[in-house]
Amino acid sequence: MWASGQGPVMGKHGPLVGAVDQGTSSTRFLVFSASTGEVLTYHQVEVEQQYPKEGWVEQDPLVLLDSVHTCIENTVKNLRKLEIDPSDIKAVGITNQRETTVAWDKVTGKPLCNAILWLDARTTSTVENLIKESPGQNKDALKDLCGLPINTYFSAVKMRWMLDNVPEVKSAADKGTLLFGTVDSWLLWNLSGGLEGGLHVTDVTNASRTMLMNISTLQWDAGLCKFFDVPMSVLPEIRSSSEIFGYITSGPLLGVPISGVLGDQQAALVGQMCLSKGQAKNTYGTGCFLLYNTGTQIVQSEHGLLTTVAYKFGKDSPTFYALEGSVAIAGAAVRWLRDNFGLIENSADIERLALTVKDTGGVYFVPAFSGLYAPYWCTDARGTICGLNQGTTSAHLARSVLEAVCFQTNEILDAMQKDSGIALSKLLVDGGMTANNTVMQMQADLSGVPVVRPSMTETTALGAAMAAGAAKGIGVWDLSKMPPTTTDNFTPSILPEEREARYDKWHMAVERCMGWELPREKQPGPAGDKSHNATEHSKSFFSDVLSFPRLAE
């Protein structure tokens, strides 16, 4: 429908922006009104993880790609049922689970192995060897360049492991046909044409999670690539978070530009409108991720946090940075209770079970299934339950699982306050677990900080849509005129003395979980894999811990 002398007339919702939200346990495609930020419709599919060995967590890249196509197709069908014209979608953004690494062949277009997920612990011995090779044998030796410690979490060690242990990856590297990328790169390459001119690109937020990008220059660093022995030629081009990357080349959105890309935690920061220095948000999903906007200043943490790129809205726009506290196991622990013990039927049932007791009965649970992330970065820690007694019930355990999420967040808040010198006046939250009112009240009580939950909880996808809609050449989303959102507020209700006593007990439990897993050279049995490669090290208690409904990694 056209009006005389004008472009196409928008429907009643105005221009629309789509967002692909590809996460650890599900993929979704959502459509937003660019004028109101309202979600008009979406489609979601679950994606499975594979656990071929203990500590190994994989996904099939083709399944991830197919899930994106399925979500787009079904969301477009939903739009038509709502009598909304899909041609009103003017741009698409992508947000994705970060650090998860894909290797594929640019000649065949096929993955060379399964994607290694962010939480995968197979690279422990790779990390051990890399630390030995680093200046001062220090896990933080590269932080000034990349902002990150040498750890199993990040993409470079996963790439190194693939090159050492997957013959197909090594062969493709030798032939010059290998492409590496995080999930955003894999999706972009395929959506923009694949074998027919697909673009091998990424954005600064995802690149900042690889350990290969210099956080000052925002380019792949030759020294870092040499240290990890990853050829720069296999890496994608780094671009800003908000610009036209390319165009969708097939399906119901043929010709629609892809103009926004953000790692999921950075997308949530944007979606929460934490666009000024000093603002922070915490996302509760599979893991838990707290980002603190440090403005255009690179701040190196002295207390176990990560320095990362928050966003860059355009090629010529300033780069904003953040301090990040990453917790590996949050909602995943709820799934662990459900699937490994059968204590609940559905993840949402944990709230009702936890409310049948007034406290944990002295039980403290540390979910270090594959080590501890921030602020400890301790790979030899393992999951620990302390304080069991004859009166302990499943309800006490359930409540201790929920409290563990809050205590881990507290540790990140403490580290951020030490690094910034400023205590947060409130904690903005989002993610699947925030639907649990008990957890939100626990968080306020145990942190002593008011917790603010927006009524519109789709902040991760919203951030990707905002970046896409505001891109140069698209211009349908004005970031300065976002409508106000309503919120639910949770205020602290316990005395500081009780809070401190319980926090001290938590720290006692954390101390007891450390040093559990023997270093590789002290383990019985053969050394195992090659050079940088992990041995069968990762005895991570239970591996099926990733599928809590997520709005996080």
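User: What does helix 6 lie across?
Analyst: In this predicted model, helix 6 (residues 183–191) lies across strand 1, strand 5, strand 13 and strand 14 (257–263), and runs at about 145 degrees to strand 5. Helices (H or I, at least four residues) and strands (E, at least two) are DSSP runs, numbered from the N terminus, and angles run from 0 to 180 degrees between N-to-C directions, with axes as lines fitted to C-alpha atoms, for helices over the stretch in contact (heavy atoms within 4.5 Å).

User: And in what order do the strands come in that open sheet?
Analyst: The 6 strands are ordered 3-2-1-5-14-13, with mixed pairing, where two strands pair if DSSP finds at least two bridges between them. Strand 3 (39–46) and strand 13 (242–247) stand at the edges with a single partner strand each, so one side of each has no neighbour in the sheet.

User: Which strands does helix 1 touch?
Analyst: Helix 1 (residues 61–81) packs on the sheet and touches strand 1, strand 2, strand 3 and strand 5 (89–96).

User: New topic: at what angle do helix 12 and helix 15 pack?
Analyst: Helix 12 (residues 394–420) and helix 15 (residues 496–513) pack at about 95 degrees, with their axes 11 Å apart. They are therefore roughly perpendicular to each other (65 to 115 degrees).

User: Which residues make that contact?
Analyst: On helix 12 they are E403, A404, F407, Q408, N410, E411 and D414, while helix 15 brings R502, Y503, W506 and H507.

User: How should I read the numbering and the cut-offs?
Analyst: Residues are numbered from 1 along each chain as its sequence is written. Local features need pLDDT of at least 70, side-chain atom pairs count only at pLDDT 80 or more, totals for chains, interfaces and linings use all residues, and side-chain values use heavy atoms, with hydrogens and water left out.

Notes:
Parallel < 35°, antiparallel > 145°, perpendicular 65-115°, else oblique.
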